[in-house]
Amino acid sequence: MTPEARRLALLHQFARARHFRRQIDEGEVSTASEAAREAGLTSTRVYQLLGLLRLDPAIIAAMEEPAADCRVPTEKDLYRLSQLPRLSQQEGFRALRSNES
């Protein structure tokens with residue numbers, strides 16, 4: 001997968017996560033598990049996607065812009081970052097982007 005294709009796939013996953021978060025927040029579904037059933041996904045997958053929304057908004061914004069000469073992190077990389085405090089997320093993201101593809 002090319003870096004740009006990976007970036008676009010990640011943006012799609014962020015959009016899915018926002019959709020699930022909106023469904024839950026607006027009461028369309030009562031739980032992430034219910035959202036998962038409706039989407040034909042496992043609840044684990046929906047929780048993983050929702051976890052991406054814990055990323056610092058600056059990281060999400062940076063992913064929305066094509067970045068020449070920067071490594072595009074994987075979803076797994078970003079999920080791991082989402083488990084860290086915000087300052088550590090930013091440091092980790094910079095380190096990920098600076099590594100070779």
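The following legends describe close-up views of a predicted model.

Residues are numbered from 1 along each chain as its sequence is written, and side-chain values use heavy atoms, with hydrogens and water left out. Because the model is predicted, local features need pLDDT of at least 70 and side-chain atom pairs count only at pLDDT 80 or more, whereas totals for chains, interfaces and linings use all residues.

View 1. Helix α1 comprises residues 3-25; helices are DSSP runs (H or I, at least four residues) numbered from the N terminus. Its 23 residues should span 33 Å at 1.5 Å a residue, and the end C-alpha atoms, 33 Å apart, agree with this value; the expected span is 1.5 Å times one less than the number of residues. Arg7, Leu10, Gln13, Phe14, Ala17, Phe20, Gln23 and Ile24 are the buried residues of α1, where buried means under 20% relative accessible area (1.4 Å probe, protein chains only). Their cover includes α2, α3, α4 (57-64) and α5 (75-82). After α1 comes Gly27, which has a positive phi near 80°.

**View 2. Packing of α1 against α3.** The axes of α1 and α3 are 8 Å apart and form an angle of about 100°; axes are lines fitted to C-alpha atoms, for helices over the stretch in contact, and angles run from 0 to 180 degrees between N-to-C directions. The two helices α1 and α3 are therefore roughly perpendicular, a term applied to angles of 65 to 115 degrees. From α1, Gln13, Phe14, Arg16, Ala17, Phe20, Arg21 and Ile24 meet Arg45, Val46, Leu49, Leu50 and Leu52 of α3, contact being defined as heavy atoms within 4.5 Å. The residues of this contact between α1 and α3 divide into eight nonpolar, one polar and three charged. Here Ala, Val, Leu, Ile, Met, Phe, Trp, Tyr, Cys and Pro count as nonpolar, Asp, Glu, Lys and Arg as charged, and the others, Gly among them, as polar.

**View 3. Gln13 in helix α1.** Gln13 lies in α1 and is buried, with a relative accessible area of 13%. Apart from neighbours within four places in sequence, Gln13 is in contact with Arg45, Leu49, Leu52 and Glu75.

**View 4. The crossing of α2 and α3.** Helix α2 (residues 32-39) and helix α3 (residues 43-52) have axes that come within 8 Å and cross at roughly 115°. α2 and α3 are therefore roughly perpendicular to each other. In α2, Ala32, Ser33 and Ala36 meet Ser43, Val46, Tyr47 and Leu50 in α3. The residues of this contact of α2 with α3 comprise five nonpolar, two polar and no charged. The buried residues of α3 are Val46, Leu49, Leu50, Gly51 and Leu52, and what covers them includes α1, α2, α4 and α5.

**View 5. Ala36 in helix α2.** Ala36 is found in α2 and counts as buried at 2% relative accessibility. Ala36 and Phe20 are 16 residues apart in sequence, and their C-alpha atoms are 8.5 Å apart in space. Leaving aside neighbours within four places in sequence, Ala36 contacts Leu41, Thr42, Ser43 and Val46.

**View 6. Pro73 between α4 and α5.** Pro73 is found in the loop between α4 and α5 and is buried, with a relative accessible area of 0%. Not counting residues up to four places away in sequence, Pro73 touches Arg6, Leu10, Met63, Leu78, Phe93, Leu96 and Arg97. Of these, Phe93 is 20 residues from Pro73 in sequence and 8.2 Å from it in space, C-alpha to C-alpha.

How values were computed: Parallel < 35°, antiparallel > 145°, perpendicular 65-115°, else oblique. Buried < 20%, exposed > 50% of the residue type's maximum accessible area, 1.4 Å probe, protein only.
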